[in-house]
Structure formats: C-alpha cells, structure tokens
Amino acid sequence: MSTASMLPLFGRVWSLQVLTAPVQGQDQRTLLNVSTSTGSDDDKALRIVFDVHMTAGHGYLWEANIEIYNLDPSTMGLITQGAQVSLAIGYEANGEPSEIFNGFVFQPTFERRDVTDFVLTLHCFLGLLDIVNNAMSVTTGPVSNQWDIVQKMVQSAGIKIAHIDPASSFSQQKLPRGKTIFGSPNKLLAQIASQNNLLSFYTPSGLMIGKPGSSSSTPDLTFAPPLGPGQQPSSDEASITRSLIGSPQQTQDGIVFRVLGDPRIQIRLPLMQVKIDQAVIRQQTFTVGSFPKLSSILNQDGVYYIAGVNHLGDSRGNTWVTECIGITSVTSLFPLLGN
C-alpha cells in the first residue's frame, strides 16, 4: 500500500456517496459509498468522471454529471431518480476531501462503451424540487414590502434558507392593497432579486438572496503559475497557490482561468474574490467592425469576483481542474440576468 503524499496538489483524493431519496419520517439508506480513503482496493480502482457546474445567478440550477465505470449491477439498479448524491475532492496533503456538490439524481442512464466498460451516468440537479418543481401560494397584506413577501413565499414553499439580506437591501415600497401570489418560487424570487439588484440562487445549504459585492477588497484566494526549474518561493508566498494552468483568457466582463481541481473555490454571497498573480493574461480578440468597451475590463490589482465554477475530473485520467469565470465588476452580472 502506498503512503500518502505530503506534497501540496499531489495525490488526488475523492469520495462519492449516494443515498436513497429522502422521505419524511424515514431514514435514508446508503446505496453507494466509495472513496480513495476507504482502504478497499476495489474502491480505489473504481473510475469516476465528473462535470460539476455552478453559476451565481437566479434561474440557473447547479448541476452535475457523474459517470461511474463498471459498478456492480446489483448496486446500479438501486440508484433511481431522486437519490441524493454527494461528491467531494481534494489532495492527500489536505486530509479528507471537501464537498463540491450535493444534489439529487434527475435521471440515471446506462451505456456500454468500448466493449469492456459499462458506464452509469448520474444526471443531477440541485434545487429542482425545492424552487422549480415546487408550488406556493401566499396572500400578502396591504402594508407588505418585498422583504416581507420573500419571507412569506419561502415559508409557504418550505424552502430552506442559507442567507437572505436584511430588509434594508430590498425596496421599502409597500403594497397599496392585499395580493395573492402563486406560482414557481424560482421565477418569483428571481423577479424580486432582479428588481433590487440582488442575486438569488440555491446552494446545498439552502436559498441565498443578497448583494453580490463586498465592502472588503481583500481576496479570499490567490493563484499564480507554477515556479520554473531552479526557482524558489519567496518568504511572503505562504498565501499563494501555484496551481494556475496556462494563461487566463480575457473576456468582455473579466477573465476565464483554470487551476488544478480546487474545492475551496465556491459560489456564495458576497461573491468570492480571487487574485490572479504573476500571470500574463491573453487579450480578447475582436473582429473588424466591432466596438467593444475596453475600459476597466481587467482589474489592475488582478482581483476578480467568481461568478461561475466548473469542476472537471477523472479519477483515473489526466483531467482534474477547476474552471472559473471571473468578473471585474458585479454590475456586469445584471444585464446577463435580464435586469
């Protein structure tokens, strides 16, 4: 048995757990629980390929496609729509892997590849039952403001709350008379968030509605390219993670960059701020006749808000990366979200 690597960013670890669909009054049963730390050679040999996509924006559900190779047929038949899935990744030097997705199976599909491999793919979503395929109906009083309406909507639909900004972040205009509101919570909450320049999205911890920006300009994480041969890190680089892959690409609203798989990068409120240090950013190219607005696209300090995260990995392949969408200003989100 090989010993764990203490080198940072070496020795991948992961875990995948699948539970039965939650039913009120019943305990969930474990259908599948495999990881690189179970000590089982069979578990370590199991191959998984994952693609997890998270976006900071109302109306966008977080999703994951997880492929499991050559799983035992008896276990495969137990995983059905509604099963709860938890996926975590990390590195041996950091101990146990950290969760990057916790959602529910929308559709399991099965196929045979390359003659020898049988692949079960779990197509998963987060929040589908909670805020999309959910219905609510509330009656508000004539003095209710938008914060009051949000609280009543969430309570009526039974939606778990992770964070909702205080009433001061919402319009204080009160309804002139009582009103009955009904429909999909996802659509109605998105409308209220959009009207107040707030973001709304659903996370494993519950619903988040709030201001995307932060009063602090201190980055949460700092990334830089790996050191070249013979180079040594300076004494003030303790906070820098040298896992940047290639050169970041400039976009209309900021940059897109890739790092080695990193579960620390999250979508949250306020939006996480990441600094790109000591990197050359590839400039955006334009066609003849286009008139782009180039002012303030790139942050002079290299600090960007994380508006999108995509974790990609193959437990037995080369892919183990986290792709990020970084924006210079949070105001660039609202035109994209239809405000």
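Predicted model: local features only at pLDDT ≥ 70, side-chain atom pairs only at ≥ 80, totals over all residues.
**Close-up 1. Strands E9 and E12 pair side by side in the parallel sense.** Three bridges join E9 to E12 (residues 206-210); strands count as paired if DSSP finds at least two bridges between them. Strands here are DSSP runs of E with at least two residues, helices are runs of H or I with at least four, and both are numbered from the N terminus. Residues are numbered from 1 along each chain as its sequence is written, and side-chain values use heavy atoms, leaving out hydrogens and water.

**Close-up 2. An open, mixed sheet runs in the order E9-E12-E11.** Its edge strands, E9 (161-164) and E11 (199-203), each pair on one side only.

**Close-up 3. Phenylalanine 223 and phenylalanine 257 make a tilted aromatic pair.** Their centres are 6.4 Å apart, with 45° between the planes. Rings of Phe, Tyr and Trp (its six-membered ring) pair if their centres lie within 6.5 Å; planes under 30 degrees apart are stacked, over 60 edge-to-face, and the rest tilted. Both phenylalanine 223 and phenylalanine 257 are buried, meaning under 20% relative accessible area, with exposed over 50% and partly exposed in between (1.4 Å probe, protein chains only).

**Close-up 4. Arginine 47 meets the ring of tyrosine 69.** The charged end of arginine 47 sits over this ring, 4.4 Å from its centre; the term requires NZ of Lys or CZ of Arg within 6 Å of the ring centre and within 35 degrees of the ring normal.
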